[in-house]
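Please keep the model in view while reading the numbered points.

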Amino acid sequence: MTDTELATPSGSKKSRAERLSTIRKAWPWFFLILMVVVFAIISKNANNVNFLNYRSVQGILVYATQILLIGLAETIIIISGNGGIDLSVHYSLGLAAVVAAFVMRAMFAASLPPVLTIGTGFLAGILICIIPGWVNGTLVAKVKVPPFISTLGMGYVVYGIALLLSRGQAIADQPDYLAQIGNGNLLYYWPKHGFTFFKVPAGAAPADLQQIIPLIPNVVAITLLVTIAVWFILAKTQFGQHIYAIGGNIQASIRSGIPVASTLTRAYILAAILAGIAGVIWTARFTSGASNAGEPTLLFAIAAVVIGGTSMFGGEGSVVGTVIGALIIATIQYGLVVLGQQPYWQYVTVGVVVIIAVIVDQLGRALEHS
Amino acid sequence: MTNLMDRLRAMGEIPLVKMSAERIRRQWVDYSFLGAFFLLILVAASMSDVFFSGQNISNLLRQIVTNGLISLGMLVVILTGGIDLSVGSVVAFSAIVVSGMINKHLPLPIAIVIALSVGVLAGAFNGFMISRFKLQPFIVTLATVGTIRGLVYVYSETPITPLDQSFRTIFSTAIFGPFTLSILIMLAAFLVALFFINRTTAGRAIVAIGGNEEAVRLAGINVRRHIILAYIISGLCAALAGVLLASRLGIAQPSLGAGFELDAIAACVIGGATLGGGGGGGVLGTFGGVLTLGLINNLLNLFNVQSYYQQILKGVIILFAVLARRSNR
């Protein structure tokens, strides 16, 4: 295949650009594999810990959920272009966590049925985020305030409201079955006994628990479903294609009759809803709600988006890229934890990786156009 | 022809008639902000008898020193069309370095110079990456937020208390009236910036880069060097703020300064700066923005309003300021 391409002189320049483009798009995959191999070797040699097992995979996936959900929100907004960025989603996450925790605590105290309690709590947390999303969208799309400023201002407001609601405290006293959702698994495998859904096998004695392999963490399954939904929306629906078009060229979009304002508003609402989902997942995982739940996530999420190859200039980017980006960040986080490093090394490493990623991206683009 | 006019207008060389309506509107907004500001002071003074006390004025001014200096550096970067998110981490870095150096018994001036050079280095790195590789300022400085914060923790995981008492007293002793050395340093910085931006070639070039980078390049000005200079100024201002903050608090926490960049951006925006280039914003406006934010914090503290409301109010003021200054293009 390569030989024939090289043989035709007219096609050789194009194929070089195409190859470079392929390499540029594939490098996050290589980088992810590289990170895993590096951590496997270091942890084997330094701590004699086996990094390559299902526990690591699970750990990385669970770490990745929150980064991925906020990352998807940023992906949508950044693709919509024109300086698109949402600096309030991590605060919306905190607001959702606080509201969900409030509702569930109240309903649990009133001893209402578990399904109703969880359902209402989650729904309340997610739906409340529509408000900041709608305000952001309206400010950006209708009032034409730059996204950076409008979401910065909204971020302050949302954080203030979450603080006010929670009085700066973590909202504990959550239903005991909440942890089962947040930290439980979809599927358990007990060697020689078979699979069970949602619960540890009934007949297992405490000594047997060591053998039971938890297979798919619930939060990972939920995140996966949400990710597929976002992929579908961006890639397969008119709304998603409009977001790409607006990010690519807003003037052309207006002239070709795309409802720019309403599309942008809906994009910001969708981003806020994703933050809300991340928030209720946080509440389920830590069985409490806190206004600062999303605090460190924004840096990591934007890092994931950038590493995943989404252009900060808009119109270009993919859900798959952000998934890989989130996995790379989560691998770094989890790997450093396994190696027993202090959390701040995560910031250093992620910062360096982001800079490398943007330089590689920039050089790749320059080579393609040369 | 129109292209050339655009370029020159962007460089602020030709005041066009077309601009005047917009300019008048902007001035109206400025005046109404000024009016609202004095109204706020009047209301404050009438409702609280301690507001005009020397102690409160001194507190207010000392509290705005940090945000004032950071905002000043941020303004210079915003004028080039960029943004510097790493200032909060630089504040922590310089605060902890100056405290560490003092505890290593280095003379005070040398410790301060080392801390300031840390800020210069961070700024130079940001500026180099942004101008050399044509990377987005938002991404580069977001990455250095984490990297510098990490380095702060590498330097010290625990808070450092500068043991030299003179480090604390030198900046906080009143020189005349409510003015301490730290306040005078901030005011001097604003005066220097006023002169730098309006009266020097480098300052004018930095403003022009934000308007039209390509035109500045064609005019034979070294754009890359001026962008690096802008980020160095921002790093230096943040480092100076870190030194003064360590002196005021008497302790340097490695977690210091988180979110400071947002307050600085807020002050610049309230002062009329436009993010992502396009002009607007000046030293006096930024000072107004800093004072407004400081005044609101001060008032809410005086009236014992919970700090949660400060967040909400800050957000609303930012949105209001942007809405008022929005051009009708």
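In which helix of chain A do Trp282(A) and Phe286(A) both lie, and how many residues apart are they?

1. Both residues belong to helix α12 (residues 260-286) of chain A, and they are four residues apart, about one turn of the helix. Helices here are DSSP runs of H or I with at least four residues, strands are runs of E with at least two, and both are numbered from the N terminus.

2. The model is predicted: local features need pLDDT of at least 70, side-chain atom pairs count only at pLDDT 80 or more, and totals for chains, interfaces and linings use all residues. Residues are numbered from 1 along each chain as its sequence is written, chains are lettered from A and ligands numbered from 1 in the order in which they are written, and side-chain values use heavy atoms, with hydrogens and water left out.

3. Over all chains, the structure holds 15 aromatic pairs. Rings of Phe, Tyr and Trp (its six-membered ring) pair if their centres lie within 6.5 Å; planes under 30 degrees apart count as stacked, over 60 as edge-to-face and the rest as tilted. Trp282(A) and Phe286(A) form a tilted pair, with 4.7 Å centre to centre and 40° between the planes. Trp282(A) counts as buried because its relative accessibility is 14%, while Phe286(A) is partly exposed, at 41% relative accessible area. Buried means under 20% relative accessible area, exposed over 50%, and partly exposed in between (1.4 Å probe, protein chains only).

4. Phe190(B) and Phe287(B) form an edge-to-face pair, 4.9 Å centre to centre with 70° between the planes. This pair links distant parts of the chain, 97 residues apart: Phe190(B) lies in helix α8 (residues 181-199) of chain B and Phe287(B) in helix α13 (residues 283-302) of chain B. Phe190(B) has 6% relative accessibility and so counts as buried, whereas Phe287(B), at 21%, counts as partly exposed.

5. A cluster of rings also deserves attention. Ring pairs link Tyr344(A), Trp345(A) and Tyr153(B).

6. Chain B as a whole has 14 helices and two strands. Its C-alpha trace spans about 65 × 50 × 35 Å along the principal axes. Buried residues make up 50% of the 329 residues in chain B.

7. Among contacts in chain B between residues at least 6 apart in sequence, 76% join residues at least 24 apart; contact means heavy atoms within 4.5 Å.
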